[in-house]
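Work through the exercises below with the sequence and model open. Each task is followed by its solution.

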Amino acid sequence: MARVGLTTERLVRAGAELADEAGFDEVTVSALARRFDVKVASLYSHVRNSQDLRTRIALLALEEMADRAADALAGRSGKDALTALANVYRDYAREHPGRYAAAQLRLDPETAAASAGVRHARMTRALLRGYDLAEPDSTHAVRLLGSVFSGYVGLELGGGFDHSAPDSDETWGRILDALDALLRNWPTA
């Protein structure tokens with residue numbers, strides 16, 4: 001018997017919290033049913049299966065990050081905008097590691113096209129207009145930024161920088177300085 005008050009949104013938010021607490025790989029319909037002390041079958045009227053739940057968490061995370069990025073980028077350009085965007089991803093990953101992992105979930109093309117991932121790409125391209133990059137260099141730069149942000153944040157979350165000096169924050173600042181310099185002096189083909 002389903003508990004009164006269970007909704008898809010409530011389940012997705014609870015799944016996102018579970019992802020942050022236990023890891024995104026631990027999010028299943030069964031785990032969520034245990035969290036609400038209900039039978040698994042009672043959740044199937046709200047989510048189709050564990051993959052549907054995980055996809056909805058990914059969409060939530062993308063939306064939350066896009067909202068933060070939009071706020072952080074408003075009125076900024078150049079290195080200030082680059083730093084703001086980079087810090088949104090890093091801060092979000094630190095605050096919500098499971099949701100951040102969810103945002104990396106591969107989505108089918110139709111779902112991806114309707115997701116906030118499109119907003120992320122638009123904001124990154126808007127930031128890059130301040131560096132005067134034309135296509136295809138703009139696409140290369142979007143991929144570079146995504147790779148650097150994702151790679152650094154992933155290594156940092158995994159404890160990869162805990163064993164040595166300088167402090168990870170100092171390295172992060174230097175990386176952003178280097179990215180800004182690279183974007184201002186983008187190599188020609």
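**Exercise 1.** Classify Y152 and W172 as buried or exposed.

Solution. Y152 and W172 are both buried. Buried means under 20% relative accessible area, exposed over 50%, partly exposed in between (1.4 Å probe, protein chains only). Y152 counts as buried because its relative accessibility is 7%. F161 counts as partly exposed because its value is 26%.

The model is predicted: local features need pLDDT of at least 70, side-chain atom pairs count only at pLDDT 80 or more, and totals for chains, interfaces and linings use all residues. Numbering starts from 1 along each chain as its sequence is written, and side-chain values use heavy atoms, without hydrogens and water.

**Exercise 2.** Describe the ring pairs that Y152 forms with F161 and with W172.

Solution. Start with the rule: rings of Phe, Tyr and Trp (its six-membered ring) pair if their centres lie within 6.5 Å; planes under 30 degrees apart are stacked, over 60 edge-to-face, the rest tilted. The count is 4 aromatic pairs. Y152 and F161 are stacked, at 4.7 Å centre to centre and 25° between the planes. Y152 and W172 are tilted, at 5.1 Å and 40°. This second pair links distant parts of the chain: Y152 lies in helix α8 and W172 in helix α9 (residues 168–184), 20 residues apart. Helices here are DSSP runs (H or I, at least four residues), numbered from the N terminus.

**Exercise 3.** Which residues form one aromatic cluster?

Solution. The cluster consists of Y89, F149, Y152, F161 and W172.

Terms used:
Helices (H or I, at least four residues) and strands (E, at least two) are DSSP runs, numbered from the N terminus.
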